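Here's a quick briefing for anyone meeting this structure for the first time. Have a look at it below, then read on.

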Amino acid sequence: MLRIIREAKQLSGRGFNVSLSGGEPTIYKPLYEILELTQQLGVNFGFTTNGLSLTKRNVERILSYDPFNINVSLESVDPKINEDLRRPMPDGTRRILDGIENVLAEKKRIGARVSIIVKATIMEQNYRTLPDLVRYFGKHSEVQVNFQPFVGVKNNPHWGQGFESPESCFSGNLRFAARELLGNRQRGAVRGVRALRGKSPRQDTRWRWPFGREQYARLDLGGEKRNCDIGLRSMFIFPNGDVYFCDFLGRPIGSVYQQSLSDIYYGKTANGQRAGMVYCDIDCQQTCKRPTPLLVKARTFLRMG
């Protein structure tokens, strides 16, 4: 991990992010070594956590290394829904919410730059309570809420029942949840929450119910280039060492156990994938694969101070 961070610095120079997710980073033994190294190298480092270990003591130590962002997985502020979806844990939801408060308090105390981003996955079990999640964090201008689609197949119990087509997404409870979210945003009740992108559910393709990996929607490009740039700006490294530009393509571009990041990035396989990506028609909705416009980023960080 430390070697990868050094190689990422050599490859990218300035203005890039390293993000650790999968498993639980706060119980990952080298976490503090990583935080120390990224601070020394001037690397923007963040991680995604379940929030259960964000105690005051841990938060003070983490923020002392000036991390770039902390993402917290939270599916609902309703304990029953959240703990059923995440995993049963006594007082788990309360501990997560307390952990977020600990980060906010320490951020304010030391003037840290860290961004706090609550990530919720839209699923059958929780989409009705998404407005409650937004209202809860609307009181904090320092917190962002980032909704993500569920990726799976239709017979998965987390799949939105009755939302098999883009048109049907805007009927019933989902339509009312979306309208309430939009109404809260327009009334300024979600000042610090980037909940929606469009002006209305029908104008915003991000509100189409997420289709599973096998059923992902395809865009009609009319033979024109889409110019997907993920092959220029991102690399995803999996625990077995495989490196991907995009896992939807199903083909790694190399392995960190056999090559350096630079060799992988400039290699023949990577160049070949980049050449094909400009014509990719997969309507991917995952936030990690969707670029955020620079202006949106600038406004967000200005608002967050």
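Gln273 touches Phe245, Leu249, Arg251, Pro252 and Ile253, leaving aside residues up to four places away in sequence. Keep in mind that this is a predicted model.

**Around Gln273**
- You'll find Gln273 in helix H10, which covers residues 268–277.
- Gln273 has a relative accessible area of 5%, so it counts as buried, the cut-off being under 20%.

**Aromatic pairs**
- Searching the whole structure turns up four aromatic pairs.
- One of them joins Phe238 and Tyr244 edge-to-face, with 5.0 Å centre to centre and 70° between the planes.
- In that pair, Phe238 is partly exposed at 34% relative accessible area, while Tyr244 is buried at 14%.
- Phe245 and Tyr265 also pair edge-to-face, at 6.3 Å centre to centre and 90° between the planes.
- Phe245 sits in the loop between strand E7 (242–244) and strand E8 (254–255), and Tyr265 in helix H9 (residues 261–265), so this pair ties together parts that are 20 residues apart in sequence.
- Phe245 is buried, with 0% relative accessibility, and Tyr265 is buried too, with 14%.
- Ring pairs also bring Phe245, Tyr265 and Tyr266 together as a cluster.

**Charges over rings**
- Arg274 lies over the face of Tyr265, 4.5 Å from the ring centre.
- Over at Tyr32, the charged end of Arg61 sits over the ring, 3.6 Å from its centre.

Notes. Residues numbered from 1 in each chain as written. Predicted model: local features only at pLDDT ≥ 70, side-chain atom pairs only at ≥ 80, totals over all residues. Heavy atoms only, no water. Helix = DSSP H or I, 4+ residues; strand = E, 2+ residues; numbered from the N terminus. Buried < 20%, exposed > 50% of the residue type's maximum accessible area, 1.4 Å probe, protein only. Contact = heavy atoms within 4.5 Å. Phe/Tyr/Trp six-rings, centres within 6.5 Å; stacked < 30°, edge-to-face > 60°. Lys NZ or Arg CZ within 6 Å of the ring centre and 35° of its normal.
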